[in-house]
Amino acid sequence: MKKGQKHLRWLMMCFFIVRKCAERAIATCSTNTACAIVNHINSALGGHFKQKLELDLREQIQERGDSFANKLFQSSRHQSDDSKLFIVLNNMETAGFYMLTLKEQLRDQFEDVFSRVEEKYLAMIRSGLDDLNQTYSR
C-alpha cells in the first residue's frame with residue numbers, strides 16, 4: 001500500500017468511526033446523548049485530529065525549508081517531495097469534505113429521529129451541528 005493510500009485510509013476510518021458513534025447516539029433517541037456525542041466529535045475533530053493534519057503539513061513544508069508558495073510551484077525535479085505535500089493537502093481537503101458530509105448526514109438523521117421533540121432541544125442539536133462548520137473553517 002502506498003503512503004498516500006495509507007493516509008487516506010486512516011482518514012476514512014476516522015470519519016467512519018465518528019459517524020458510527022453519532023448514529024449510535026441518535027439511535028438512543030435521547031437529545032442529551034446525541035448533543036453530548038456531537039460536542040465530543042467537534043472537540044475530537046477540532047483538537048487532536050486537526051493537530052495531526054497540521055503537523056503533517058508543517059513537516060512537509062519544513063523538510064525543504066522553502067516558503068509555502070515556492071514549495072507548491074517549484075519545478076518537477078522535486079516531484080517526489082512535492083507528492084508528499086500534495087498528499088497532505090489532499091488529506092486536509094478530504095477531511096473538510098468528510099466533515100461537511102457528516103454534518104449533512106447527521107442533520108438528516110436528527111430531523112428524522114427527533115422530529116417530535118420540543119423546539120429548544122432541536123435548537124441544541126442544530127447548534128451542535130453548526131459547530132461542525134466552525135470546526136471545519138478553523
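What is the volume of the second largest pocket? The second largest pocket has a volume of about 160 Å³, a volume being the space filled by probe spheres set on grid points joined across faces, edges and corners. The model is predicted, so that local features need pLDDT of at least 70 and side-chain atom pairs count only at pLDDT 80 or more, while totals for chains, interfaces and linings use all residues. Residues are numbered from 1 along each chain as its sequence is written, and side-chain values use heavy atoms, with hydrogens and water left out.

**Chain**

- The chain has 5 helices and 0 strands (DSSP runs numbered from the N terminus: helices H or I, at least four residues; strands E, at least two).
- Of its 138 residues, 33% count as buried, meaning under 20% relative accessible area with a 1.4 Å probe, protein chains only.
- The accessible surface (Shrake-Rupley method, 1.4 Å probe) is about 8,600 Å², and carbon and sulfur atoms hold 54% of this surface.

**Second largest pocket**

- A pocket is an open set of points on a 1 Å grid over the protein atoms alone where a 1.4 Å probe fits, with protein on both sides within 12 Å along at least five of seven lines; lining residues have an atom within 4 Å of a point.
- The lining includes Cys14, Ile17, His40 and Phe49.
- Both α1 (3-27) and α2 (31-64) supply at least two lining residues, and α2 gives the most, with 6 residues.
- By class, the lining holds 9 nonpolar residues, 1 polar and no charged.

Definitions and conventions: Nonpolar A, V, L, I, M, F, W, Y, C, P; charged D, E, K, R; others polar. Buried < 20%, exposed > 50% of the residue type's maximum accessible area, 1.4 Å probe, protein only.
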